[in-house]
Amino acid sequence: MKKQKKNLILPLLLTGLLFGGCSSHAAQSSAEDNTDLIVVGFSQVGAESDWRNANTRSMQEALTAENGYRLILEDAQQKQEKQITAIRNFINQGVDYIVLAPTRETGWDTVLTEAKKAGIPVIIVDRMIETDDPDLFTCWVGSDFRSEGDKAVQWLEEHQDGRKLRIAHLQGSIGSSAQIGRTSGLDAGIAAHDDWTLVFRESGDFTQAKGQEMTEKLLARETDFNVLYSENDNMTYGAIEALQSAHLEPGKDVTILSFDASSKALHLILDGKINYDVECNPLHGPRVRKIIEQLESGETPLKYTYVEEVSFESSNLLESVIEGRGY
Ligand code: AHR
């Protein structure tokens, strides 16, 4: 990989000399390329949530020039087309590695075949892709989203307290592994309990604004509900705003289950406004760095690595735990 990059240096320098008049960017590129840095193109989903921003920071902090990397970060604004374009640009630039946090599971085969033909290893992070050809990516590290959903369902079983449950469901971005896994966990729970009824289901696209908008839509219907299953913390923050505006007490009038366990949500558990939060760990930067180091030294990293995740409710949460978590 590095040998291939070094061969690009001379043509880039010549280009810089030939187009000297308008070449400040070209000259800068040449200077940047004239190093031993490992170039990583990272196609990020977007900036839709606190989780996502923590994930971006983690990558930026791990893949620094001091650590031997040049990170090219492309924000796809939650659009798969933008990710496909970014990956093609990475291929054209001859990056050493492509890291992909996929917006959705399907639709990657063509562009990843192009990356494979170019000989660029692809590391998938966070969510999974669906493909018949697992050789299209080198390895994956991320969360077991179905298991996250199962944890929430188990907690709800244990805290049903004799109630008939009327469940409102805010889904994440449709087609993403995070949505698919967490939704399938809830669906299995509903199928297993005669006294659990799904009364509302809409996507809030993992954002606070849409979480609030969809909860307002739910409230406008005057549907009776006593549980909110919200597939990420940012949608939950929006839902809490909407519930409070409607003079409902989150955490009391409505039992709230959420995902991510970011610091703000954990404080809301201590305030009694969220009842249960399943962790989704965003700190993938060091994990990706370790994978690249393994590949650089000729080792074969594990094909699939699931990160360990815990869950929180007021009975197992201390302020000191929140301070030490880093997101
Ligand atoms: O894929 C991880 C999910 O995506 C997180 O739960 C959510 O907050 C993010 O936007």
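Modeller: Here is a short walk through the ligand site, then the cores.

Biologist: What should I know about the model before we start?

Modeller: This is a predicted model: local features need pLDDT of at least 70, side-chain atom pairs count only at pLDDT 80 or more, and totals for chains, interfaces and linings use all residues. Residues are numbered from 1 along each chain as its sequence is written, and side-chain values use heavy atoms, with hydrogens and water left out.

Biologist: Which residues are around the ligand?

Modeller: Among them are Trp51, Arg52, Asp126, Phe145 and Asp260.

Biologist: Which polar side-chain atom lies 3.0 Å from a ligand oxygen?

Modeller: One of serine 49. A ligand oxygen is also 2.5 Å from a side-chain N or O atom of glutamate 48. For arginine 182, the corresponding distance is 2.9 Å.

Biologist: How much of the ligand does the protein bury?

Modeller: 100% of the 280 Å² that the ligand exposes when taken alone. Those areas come from the Shrake-Rupley method with a 1.4 Å probe.

Biologist: Switching topic. Which residues touch the most other members of the largest nonpolar core?

Modeller: Leu170, Phe225, Leu228, Ile256, Leu266 and Ile274, out of 29 residues. Such a core is a set of buried (under 20% relative accessible area, 1.4 Å probe, protein chains only) Ala, Val, Leu, Ile, Met, Phe, Trp, Tyr and Cys residues joined through side-chain atoms within 4.5 Å.

Biologist: And is there a second core, and what does that include?

Modeller: A separate one of 22 residues, including Val39 and Trp140.

Notes. Buried < 20%, exposed > 50% of the residue type's maximum accessible area, 1.4 Å probe, protein only. Near = heavy atom within 4 Å. Polar contact = N/O pair within 3.5 Å; in protein donor to acceptor, adjacent residues only side chain to side chain.
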